[in-house]
Structures are given as C-alpha cells and as structure tokens.
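Here are my notes on this model. Please read them with the structure open.

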Amino acid sequence: MLLIGTNPEETIRLPSTINQSQTLEDLICSIYPRLQEFGTVTMSYLTERTILSARNDDVSSINTRALEMMPMKEIAYLAADILSK
C-alpha cells in the first residue's frame with residue numbers, strides 16, 4: 001500500500017468542486033462573494049468560509065488583500081504581552 005505522495009509518478013485528480021482561480025482577487029471573490037459591498041461582512045459570513053494555505057506568508061498576503069477589498073474603515077487594536085504594575 002502506498003501513501004499519497006510516496007510515488008512520484010502518481011497523478012492525483014482534484015474534484016471539480018475545488019476552485020481553480022487564476023489570481024488572488026479571483027480566489028477571494030469566489031470564496032467571499034460580495035466582499036466589497038457594505039453591510040455584507042458579518043461574523044457568520046466570515047466564519048462560514050475559509051481559504052486554506054500551507055504557508056504563513058501566503059496567509060498574510062491573502063488576509064491583507066481581503067482586508068483591502070472590504071469597504072470598511074480599518075481599525076487597529078493595540079495589545080501588550082506584559083502586565084503593568
């Protein structure tokens with residue numbers, strides 16, 4: 001029995017339901033339709049969808065681009081990792 005990835009000659013066919021976008025914007029828009037419309041983005045809207053990536057730098061790029069596409073004003077929250085006495 002061979003495990004996936006143990007045979008370099010093996011071809012794995014992905015289901016047609018897997019999105020094959022050409023650009024990052026196409027990928028984001030296919031997973032998060034109407035992201036640019038004000039009032040569309042809710043907690044459930046975001047938690048019901050996800051884009052998986054194996055690399056943290058890709059995740060950062062996807063998140064940055066998705067945030068740029070949203071029509072909302074950006075808010076930055078500061079955090080500290082120590083307690084003040």
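The points below cover the basis, the core, a surface patch and the salt bridges.

1. Basis. This is a predicted model: local features need pLDDT of at least 70, side-chain atom pairs count only at pLDDT 80 or more, and totals for chains, interfaces and linings use all residues. Residues are numbered from 1 along each chain as its sequence is written, and side-chain values use heavy atoms, with hydrogens and water left out.

2. Core. The largest nonpolar core has 10 residues, including Ile28, Leu35, Ile51 and Ile62. Helix H3 (residues 56-69) gives the most to this core, with three residues. A core here is a set of buried Ala, Val, Leu, Ile, Met, Phe, Trp, Tyr and Cys residues joined through side-chain atoms within 4.5 Å. Buried means under 20% relative accessible area, exposed over 50%, partly exposed in between (1.4 Å probe, protein chains only). Helices are DSSP runs (H or I, at least four residues), numbered from the N terminus.

3. Patch. Ile12, Leu14 and Ile18 make a nonpolar surface patch of about 280 Å². Patch residues have over 30% relative accessible area and no salt bridge, with nonpolar side chains (Val, Leu, Ile, Met, Phe, Trp, Tyr) joined within 5 Å. Areas come from the Shrake-Rupley method with a 1.4 Å probe. Ile18 is partly exposed, at 39%.

4. Salt bridges. The whole structure has six (side-chain nitrogen of Lys or Arg within 4 Å of a carboxyl oxygen of Asp or Glu). Arg55 pairs with Asp57 at 2.6 Å, N to O, and with Asp58 at 3.5 Å.

5. Network. Glu68 bridges to Arg65 at 3.3 Å. Both lie in helix H3, three residues apart. Shared partners join Glu25, Arg65 and Glu68 into one salt-bridge network.

Technical notes: Helices (H or I, at least four residues) and strands (E, at least two) are DSSP runs, numbered from the N terminus. Patches are made of residues with over 30% relative accessible area and no salt bridge: like charges are joined within 9 Å, nonpolar side chains (Val, Leu, Ile, Met, Phe, Trp, Tyr) within 5 Å.
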